[in-house]
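Work through the exercises below with the sequence and the structure open beside you. Try each task before reading its solution.

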Amino acid sequence: MAWPALIARIAAAYLTIGILAFVVWQLTHNEAWVVEFFRVPAALLMVFLALLEFWLSVAVIHHFSTDDLLRPGWTLISCSAGCQFLGMICSQVLGVRSRINPLEVVSGAEESLIPLLRSIGLLIGGTFRFALLAAGLHFALKAYKQSGLLGRLARTDWVVFGGFGFFIVRNVVDVVVAMRQGKTPDVWEVLGWPVDPLLLLLVLQAFLLLRSTQEMSNGRIGLCWKAFSLGVFLTALGNIGIWATNYGYLPWPWSALIWYLWLPAAAAFARAPAFQLEVIRNARTAAGPFLSELLKSSQP
């Protein structure tokens, strides 16, 4: 089975289990069903998908020559995937009190070490990861521009982009107001501030990639960038959900549904390099018979 289909089936299976856990929680009023799902099986899935994304992205690099624009692009995307993997290890395993955290046996870890690792994981998997991903997607857009296939944003794209931009501005205003009222952000909060602007940039890039893929006749080639775009959109939506939860617009227990967005988002990011490898493999397979005939015809 091809990697894109396998990743989709695994993510769908986990989502089904997670939704069943949510239903059981509502029926039994025991939130441990959902909490345990995200602390163990969902956490392991996130780590696995991040590792898979990193492995597949590194594999893609070697298929592009050193003078190809997509080689540095995929190198940066691989570094982004590596940050995601390290971030998941720290934030979802070592930075959470759960049965799969080996630090649970360390005396006093839950008071200092575990929260510290979670903060480090969120920084690596947030600010660092998004910065590298945006840099990598810049090369993809540059390649589209060179080929004359760079798309233009539609009106609906501008509306969504503007709405998300307004959301970012609202967050900045909230932070400024809170600081004027005496709030002192810690270093981890400050280091996380670039996440929102980076997500705004990624949303813009995602729309451009979507419109650029529509300029190409072979839809299979564009599946990679469409998967990246889907991952970005789901991440941005999850970010809005977190804000809505923090400000009381999305009450408990429905706020828990936001957690489910991270699973298909991680699957989309992992499928992106898998699609790229699939296109490369299919292209080589199709070129094989042609090259054989070409060699035969050149023989005396």
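**Exercise 1: an aromatic pair**

Phenylalanine 38 has a relative accessibility of 15% and so counts as buried (buried is under 20% relative accessible area, exposed over 50%, partly exposed in between, with a 1.4 Å probe and protein chains only). The model is predicted: local features need pLDDT of at least 70, side-chain atom pairs count only at pLDDT 80 or more, and totals for chains, interfaces and linings use all residues. Residues are numbered from 1 along each chain as its sequence is written, and side-chain values use heavy atoms, with hydrogens and water left out.

Task: classify the ring pair of phenylalanine 37 and phenylalanine 38.

Solution. 
1. Rings of Phe, Tyr and Trp (its six-membered ring) pair if their centres lie within 6.5 Å; planes under 30 degrees apart are stacked, over 60 edge-to-face, and the rest tilted.
2. The centres of phenylalanine 37 and phenylalanine 38 are 5.0 Å apart and the planes are at 80 degrees, an edge-to-face pair.
3. Phenylalanine 37 is also buried, at 4% relative accessibility.
4. Ring pairs join Phe37 and Phe38 with Phe22, Trp25, Trp259 and Tyr260 in a cluster.

**Exercise 2: a pair between helices**

Task: classify the ring pair of phenylalanine 207 and phenylalanine 233, and state which helices hold the two residues.

Solution. 
1. The ring centres of phenylalanine 207 and phenylalanine 233 are 4.9 Å apart and the planes stand at 45 degrees, so the pair is tilted.
2. Helices are DSSP runs (H or I, at least four residues) and strands likewise (E, at least two), numbered from the N terminus.
3. Phenylalanine 207 is in α8 and phenylalanine 233 in α9 (residues 219–246), so the pair ties together parts 26 residues apart in sequence.
4. Phenylalanine 207 is buried at 7% relative accessibility, whereas phenylalanine 233 is partly exposed at 24%.

**Exercise 3: helix α8**

Task: compare the span of α8 with the expected span, and say how many of its residues are buried.

Solution. 
1. The expected span is 1.5 Å times one less than the number of residues.
2. Helix α8 (residues 195–213) has 19 residues, with 27 Å expected.
3. From first C-alpha to last, α8 reaches 26 Å, close to that value.
4. In α8, 15 of the 19 residues are buried.
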